[in-house]
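Dear colleague,

I am passing on the structure below, and after it you will find my notes on what I found. Please read them with the structure open beside you.

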Amino acid sequence: MTRVTGQFLFWTLAIALTLLASSLDWLAGRVSWQPGGLTLPFVLAAIATWMVGLWAVPVLQRLKAGQVIREDGPQAHLKKAGTPTMGGVFVVPVGIAIALFLSGFSSSVIAVSLLTAAYAFIGWIDDWQILNRRSNKGITPRQKLLLQVGFGALFCLWVLLQFGGEVTQLLLPFGLILPLGFLFFPVAWFALVAESNAANLTDGLDGLAGGTGAIALLALGALVAPTHPDLMVFSAAMAGSYLGFVTHNRNPARVFMGNLGSLALGGALAAVAILSQSLLALLILSGIFFVETISVILQVSYYKATKDEKGIGQRLFKMAPLHHHLELSGWNETSVVAWFYGIGMILALMCLVIF
């Protein structure tokens, strides 16, 4: 399979997303370089994150915040051992700061920023434990889940107190609406936990989670722009921040985002979707994350269902998540990322058409 370079992938993605943002601003009658558009927050955050990363990545290297690679993972990944992780430590604050400033510190942007920061904090605890123990195991899944559920509950409670029944509808394609009533809140609660974990599972190849996350965030920003211009600014800024991170994370990666960056990514997407009643659109936009998660669920379920008397089961995939299965099937890393970027763009364009 023909190999594309990480640099080529980055520039293709950057140009495509910038053109998409400016085109959508033009179609909506917005001036591209005004704070209340898609383009300015996106480009500004991308450049700022790239510049901050020029300083932050060497600092992480000096702190010896090197990634611990799974020994049972693809053998080609063993050479990545020692690459600094926790890159989300400069991605998330830059995106949040620009979003808050350009949105005029909107209450909704403050809320989604706090939720994003809270999920980043969970990821930081996990990353820190991994680095301290020099293993790929951080806090326990139960501890992580409890923290995600707890912060998610606080966010949903704020939404309920702030908006009440105003946000309990689910927007469907072609202008249709599905009223969920109080069921909206457990659905929203589940979405926060599920989306953050799905983004976390997708973060396994150079540039994969950052690039696909930037695509989903920018498209979500465009979808919510007519009714929630402040959340559009937040989504665009976070999209730009994750794209700026890819300048350092493209193959061969100089830094990984870590759980800090990936949990925050999923949290940001879900929080915006909840406030804009766009959870169904989010499911489509984050289709890559969804398939990656399903591949893990199927792998674990099939292994347990086929256990023999020795307790050894069969595997449905060579390795889960799906991106590792494709690698072990002969795909090179950048080809997997290229295909996932392409699919992510198709899903984004599809959502922009039907919603």
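Of the 355 residues in the protein chain, 56% are buried, where buried means under 20% relative accessible area, exposed over 50% and partly exposed in between, with a 1.4 Å probe and protein chains only. Please keep in mind that this is a predicted model, in which local features need pLDDT of at least 70 and side-chain atom pairs count only at pLDDT 80 or more, while totals for chains, interfaces and linings use all residues. Residues are numbered from 1 along each chain as its sequence is written, and side-chain values use heavy atoms, with hydrogens and water left out.

As for the overall form, a compact globule with 355 residues would have a radius of gyration near 20 Å, and the 19 Å of the protein chain agrees with that; the radius is taken over C-alpha atoms, and the globule rule is 2.2 Å times the number of residues to the power 0.38. Along the principal axes, the C-alpha atoms fill a box of roughly 60 × 45 × 40 Å. The chain exposes about 15600 Å², of which carbon and sulfur atoms supply 69%, the areas coming from the Shrake-Rupley method with a 1.4 Å probe, and for residues only the protein chains shown count as cover. Among contacts with a separation of 6 or more, 75% are between residues 24 or more positions apart, contact meaning heavy atoms within 4.5 Å.

The protein chain has 13 helices and 2 strands, which are DSSP runs numbered from the N terminus (helices H or I, at least four residues; strands E, at least two). On the α6 side the contact is made by Glu 195, Ala 198, Ala 199, Leu 201 and Thr 202, and on the α11 side by Ile 288, Phe 289, Glu 292, Thr 293 and Val 296.

Asn 200 also belongs to helix α6 and is buried, with a relative accessible area of 15%. Leaving aside neighbours within four places in sequence, Asn 200 is in contact with Lys 144, Asn 259, Ser 262 and Leu 263. Leu 24, in helix α1 (residues 6-27), counts as buried at 19% relative accessibility. With neighbours within four places in sequence again left aside, the contacts of Leu 24 are Arg 30, Leu 38, Ala 222 and Leu 352; the C-alpha atoms of Leu 24 and Ala 222 are separated by 7.2 Å, although these residues are 198 apart along the chain.

Most residues other than glycine have a negative phi, and most peptide bonds are trans. The peptide bond from Asn 251 to Pro 252, however, is cis, with omega near -5°, and Pro 252 is found in the loop between α8 (229-249) and α9 (258-275). Ala 320 and Pro 321 are likewise joined by a cis peptide bond, with omega about 0°. Met 86, which is not a glycine, has a positive phi of about 65°; Met 86 lies in the loop between α2 (39-62) and α3 (88-102) and counts as buried at 8% relative accessibility.
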